[in-house]
Amino acid sequence: MSAVIEARDLVKTFGRTRALDGLDLSVAPGEIHGFLGPNGSGKSTTIRILLGMLRADGGEARLLGGDPWRDAVELHRRVAYVPGDVNLWPNLTGGEAIDLLGSLRGGIDRARRDELVRRFELDTTKRGRAYSKGNRQKVALIAALASDAEVLLLDEPTSGLDPLMEANFRELVDELRDSGRTVLLSSHILAEVEALCDRVTIIRAGRTVESGSLAELRHLTRTSVIAETVRPPATLAGFEGAHDVHVDGNRIALQVDTARLDALLRELNALEVHSLTCRPPTLEELFLRHYGDVAAPSESPAE
Amino acid sequence: MSELRGTARLARLHARRDRVLLAVCAVAIPALLAASAVSLKDLYPTPEERARYAASFASDTAVAATQGNPVNLETIGGILTFETGVWYSLFVALATLLLVNRYTRGDEEAGRLELVLSTAVGRHAPTAAALAVTSALSVVTGALAFGALIAVGYEAVGSLALAAWFAGLGIVFAAIAALAAQLFESKRTTTGIALAALGVAWLVRAIADAGADWLRWLSPIGWGQEIQPFGEERWWPLALMAAATAALVAGAFALLRRRDLGGGLFATRPGPARASRGLRSATGLAVRLLRPSLVAWIAGIFASGLVYGAITESIEDFIAENEELAQIVAQAGGGSIVDSYLATALASLAVLGAGFAVQAALRARSEEAAGRLEALLATAASRPRLLGAYVAVAAAGSVLIAAAAGLGTAVGLGLATGGWDELGTLLAAALAYAPAMWVAAGIGVVLVGAAPRAAFLAWAALAFFVVAELLVEVLNLPDALVKLSPFAHIPPSPAEALEPLPVLAVAAVAGALFAAGIAAFRRRDAG
């Protein structure tokens, strides 16, 4: 089973700026893949290379087994895209823009288009210049989702959407998963990624810093534990693998390397546990750990 | 006065943002004027030569319609005014008009004014700042023109009068553009309206100069002519310009107070919920985007052709009355003076009409810069198809505009004289210029493909073609330089026979430019 999207050691420079600096990305067929990174870390550049708009200066990118630059037109029949910044023609209506993009991709499923227009509650008779940011986003989403593309590249597709429409979008992505499509979803809304994605890739400054399923990534990080014990837990202050330990009487709060969680629980057990809260790291904590410039590797991020 | 708060800061912002552009605008016309002034001095150094020059134009309405009213031609300054005044002042007006639209409706449409007006900046300030910057540009242009004329030895009062005309017209059209910018939501539309106003001002003046003198008072360009630099040197037409400017600015401010930010006086109606069959392709989109300006170009060129054609008759009368000239024409042999006039008219219309070809080619770039190409690039439309769509519209539009030039001239001639025999000849002669217009578009396509940031240089190339066509005698340009223009290679029919070979050669150059531009576009980063 070969990957739908495969990027190895991608390099792209703009003048003196090194936008991508050896980026790796692999997305398997049928996967909803989260693509995370701070602003300017190279997410959109990567997607544009995958679409053959930009030519990589180094490394290799493959999309559906083809060369995104050389085979752009052939590949684009099987790919749909929602740009991060949707710009519409000021004097074309939203409906016209959807149909135009659909026909250029090689045909549009009319029934599906109309259904999506209904679901997103878009007024298709308004001109491009009259749409708000969220409505422009809807136009691009409908155009992309109305196609029967095998692969969807979505660059922050829900920015500007209201919570109702965001829920709509999640439903639609679930439907895509059920029908076996592959989605690369770049997003800053971590709850969205957590809810939708099978695997995630986190990049920073044009490099991949972490990639895997959420469970795998969690394993690499820490679990936060809050416990109240009958006997004072002060003895745990120097526990190996514990960080940020706060002891307050019989209450202890700490972060522990997930690999040492089991050992910690045994120790706590010996102190007679009264109450215990054990929370896996949120994606946000994972994210902040990789993003924060100040956070040294051995320290936990502040909450 | 709180409505004007922040004007000075915004004016400084524009001056900073466009410092290069503004400097080029301020220097270009005075430089062109100085070059013309020197060259005319060389051409007509003695009173006798000037008298002969004056005699040859004194009652030539055809030339008057294209250049202006031939008055005060016994002085070198009068000749300079006649040869350059109408056209150069028109260029100044063109610059201020485009800049005002850029600073007002352009910034508003792009959403930048929303940000600016959310600060402690008055509602009128953006418009006032645009007017301040462009008025300053007009005054500096005038001052440099005045200085340049003094430096090359022209008489001071006349030079000042000509400079005042340039500056005054620039300010009037800045005000016209400020008013037009209030009317519609789209910058392209409001710019089009201001350009149409400039075109009408030019046409009204042309008809006035061809005989209906009183009409000149209806055209701001006519007011400039009535200053009569190096002749009567009347100053009160400047007061007319000032009054018109004040009224236009007051009107613009009144509309500004009535309308919403981002809105126009005329609201945009909802459109179709589905794309028509015609719109569902890259070419369909390019046609849709460029159709309004193509229609305007065709109408403008056709109307100018009508005027050129209609006044042809006067040339024949003029030669009939002037034995000396008739002899010269007879000695020169070949085509008649009417034919060479018609050939010149068609060439002028063609080179001006090439503006659409450049505009269409560069639209590909402005769509890309606005971020609207990105979504199209991600579809199955190939890059050659996406850029080729604009090439096709530029090429087909050139043919239509060339045809409009030929038909307009022929119809004008036919209506005035009742003779329609020339229709086929004039149409063929005009259509022969289409390949030269393609070359202008081709330069744009090459730049879009290879150096997108420098795409605007295609306008510089076209400006050179216009100068080489319209000002070749005034500037006394060397032949080798003129031959760089594709328009110089098209046989000037009906004055000369319409040889197909040079036309095909120019078409081949255009084809090569298109191919090179598209090939370069395939290789670069895009979107």
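1. A quick term before anything else: two residues are in contact when they have heavy atoms within 4.5 Å of each other. In chain A, 67% of the contacts with a separation of 6 or more join residues 24 or more positions apart.

2. Some housekeeping. This is a predicted model, where local features need pLDDT of at least 70 and side-chain atom pairs count only at pLDDT 80 or more, while totals for chains, interfaces and linings use all residues. Residues are numbered from 1 along each chain as its sequence is written, chains are lettered from A and ligands numbered from 1 in the order in which they are written, and side-chain values use heavy atoms, with hydrogens and water left out.

3. Chain A first. Its C-alpha atoms fill a box of roughly 70 × 45 × 35 Å along the principal axes. You'll find 10 helices and 13 strands in chain A (DSSP runs numbered from the N terminus: H or I of at least four residues for helices, E of at least two for strands). The accessible surface of chain A is about 13,200 Å², with 48% of that on carbon and sulfur atoms (Shrake-Rupley method, 1.4 Å probe).

4. Of the 303 residues in chain A, 51% are buried, meaning under 20% relative accessible area with a 1.4 Å probe, protein chains only. Have a look at helix α1 (residues 43-50) of chain A: six of its eight residues are buried, so the helix is largely enclosed by the rest of the structure. Among those six are A:Lys43, A:Ile47 and A:Leu50. Just after α1(A), A:Gly52 has a positive phi of about 75°.

5. Now, where do the chains meet? The interface brings 38 residues of chain B into contact with 37 residues of chain A. Together the two chains bury about 3,400 Å², 53% of it on carbon and sulfur atoms (the accessible area, 1.4 Å probe, that two parts lose on being put together, summed over both). B:Arg274, B:Glu374 and B:Ala380 supply 19% of the area chain B buries against chain A, more than any other three residues.

6. What about charges? Seven salt bridges cross the interface of chain B and chain A (a side-chain nitrogen of Lys or Arg within 4 Å of a carboxyl oxygen of Asp or Glu). A:Arg129 pairs with B:Glu185 in a salt bridge, their closest N and O atoms being 3.8 Å apart. On the chain B side that touches chain A, α12 (282-310), α16 (373-377), α17 (383-417) and α23 (500-523) of chain B each give two or more residues.

Notes. Buried means under 20% relative accessible area, exposed over 50%, partly exposed in between (1.4 Å probe, protein chains only).
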